[in-house]
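Let's take a walk through this structure together, one chain at a time.

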Amino acid sequence: MKSETRFLLIMLGFVVILGAGLAALNFYTRPPQPPEPKPVEIKLSEMLVAGRPEKGNPNAKVVVVEFSDMQCPSCRRGNDTVEQLMLQYEGKIRVIFRHYPLDIHPKARLFAQAAEAAHRQGKFWEMQNLIFNEQDANEKRLEEFARSLGLSMEQFRKDMKSKEVQDAILNDIASARRYGVTSTPTYFLFVGEKGQMIQGHLNLAAEMQKVIEGD
Amino acid sequence: MNGTHINRVMFALAVTGLVIAGLLWYWHVQNAEIPCTNAGCDQVAKHPASRLFGIPVAAYGTLFYLSFALLCALRPSVSAENQRLFAHLLLLWGTVGFLFSLYLTYLELFVIQAICQWCLASAIIATALFVLSLLAWRQPHLITTPSEA
């Protein structure tokens with residue numbers, strides 16, 4: 001074999017091995033894919049609870065019930081996805097929020113209380129967005145959020161510690177366990193009464209597109 | 001430009017094409033967002049025409065450039081007689097690649113109606129390889145130094 005050939009083959013081998021190596025590395029280090037969405041037996045009417053925060057078109061055929069933990073990073077990304085879908089399919093979606101603060105997140109319960117207290121003054125989503133933007137906020141910071149939203153501070157402080165707020169959160173947690181929610185965010189996507197459970201935010205946009213554009 | 005120079009340029013172009021086609025193949029399989037200055041790449045990659053017999057077009061491209069580069073790499077080591085044969089093979093391969101690229105560019109322009117710069121780059125490389133393989137065919141013997149074993 002001539003040296004020219006040897007040189008060219010080494011060059012070619014280098015490129016091929018480097019490329020194949022990088023592809024393999026990328027393949028084996030990619031994040032685990034969320035489980036496939038699965039149909040649920042529970043009907044929408046059974047899942048609706050009075051007084052939960054909601055947004056979008058109240059008469060929409062497509063309803064998303066989200067179980068979320070405000071200290072969880074993928075819930076924050078899930079929130080971005082939901083907001084984007086709300087814009088994309090304006091008037092076609094109704095979104096209902098349910099709490100599922102996980103024990104592994106020490107501030108999740110506090111965040112839920114703050115958002116729930118803000119909900120008592122009609123500012124749930126605004127408070128939620130502020131918390132998602134600053135997931136390490138402390139109690140003092142939460143009060144600053146409340147003040148910036150123009151809430152009555154006395155009422156906010158009282159509501160945060162109130163039994164009604166605690167009960168609303170505990171009730172959501174109990175529902176989540178009953179519906180088989182094991183991680184956050186978990187979405188129940190309903191078209192009419194029929195629903196499916198979607199774990200993680202990655203599958204949400206794709207499923208939403210299927211149910212809305214597949215109409 | 002003597003035969004050896006032509007061969008080296010063809011080799012370098014084929015390796016460049018190999019990298020482009022390999023990346024496109026990988027992105028296609030991963031369903032990844034393709035870096036692009038316009039929306040054309042994703043439009044092309046998601047179009048049904050980006051597969052032929054169920055295999056991504058970029059996979060054919062990868063094999064094409066790989067075999068072209070291999071032919072160029074082996075050519076200096078074969079006998080004078082076989083160098084002519086290799087020149088014929090390169091011309092044949094260059095023509096196949098050129099015509100296929102022409103067809104793909106037609107698909108992009110008139111069927112998918114989007115332009116992907118990566119595909120365009122590959123088409124330009126395939127065209128250059130075709131022209132060079134014509135030159136190589138007219139000048140099939142490489143200049144080799146006798147000291148080389």
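Two residues count as being in contact if their C-beta atoms, placed from the backbone, lie within 7 Å. Keep that cut-off in mind, and remember that you are looking at a predicted model.

Start with the sheet in chain A. Six strands form an open sheet in the order β1-β6-β5-β3-β4-β2 (chain A), and their pairing is mixed. At its edges you will find β1 (38–40) and β2 (54–56) of chain A, each of which pairs on one side only. From one strand to the next, the twist averages 25°.

Strands of a sheet pair through backbone hydrogen bonds, either parallel or antiparallel. Here, β2(A) pairs with strand β4 (residues 93–99) of chain A in the antiparallel sense, over three bridges. One spot to look at is A:Lys55, whose bridge partner in β4(A) is A:Val95.

Helix α8 (residues 163–178) of chain A lies across β3 (62–68) and β4 of chain A, and its direction makes an angle of about 105° with β4(A). Helix α9 (residues 202–213) of chain A lies across β3, β5 (186–191) and β6 (194–199) of chain A, but runs at about 0° to β5(A).

Let's move on to chain B. Its five helices and two strands follow the pattern α-α-β-β-α-α-α along the sequence. Of the 149 residues in chain B, 38% are buried. Among its contacts between residues at least 6 apart in sequence, 79% join residues at least 24 apart.

Where do the two chains meet? The contact takes 15 residues from chain B and 12 residues from chain A. On the side of chain B that touches chain A, the elements giving two or more residues are α1 (3–30) and α3 (57–74) of chain B, and α1(B) gives the most, with six residues. That side of chain B divides into 11 nonpolar residues, three polar and one charged.

Finish with α3(B), which has 18 residues and reaches 26 Å from its first C-alpha to its last, close to the 26 Å expected at 1.5 Å a residue. Its buried residues include B:Val57, B:Gly61, B:Phe64, B:Tyr65, B:Phe68 and B:Cys72. What covers the buried residues of α3(B) includes α1 (3–29) of chain A, along with α1, β1 (51–52), β2 (55–56), α4 (80–112) and α5 (117–138) of chain B.

How values were computed: Residues are numbered from 1 along each chain as its sequence is written. Chains are lettered from A and ligands numbered from 1 in the order in which they are written. This is a predicted model: local features need pLDDT of at least 70, side-chain atom pairs count only at pLDDT 80 or more; totals for chains, interfaces and linings use all residues. Two strands pair if DSSP finds at least two bridges between them. Helices (H or I, at least four residues) and strands (E, at least two) are DSSP runs, numbered from the N terminus. Axes are lines fitted to C-alpha atoms, for helices over the stretch in contact, and angles run from 0 to 180 degrees between N-to-C directions. Ala, Val, Leu, Ile, Met, Phe, Trp, Tyr, Cys and Pro count as nonpolar, Asp, Glu, Lys and Arg as charged, and the others, Gly among them, as polar. The expected span of a helix is 1.5 Å times one less than its number of residues. A residue is buried if 20 or more other C-beta atoms lie within 10 Å of its own, exposed if 12 or fewer, and partly exposed in between; C-beta atoms are placed from the backbone.
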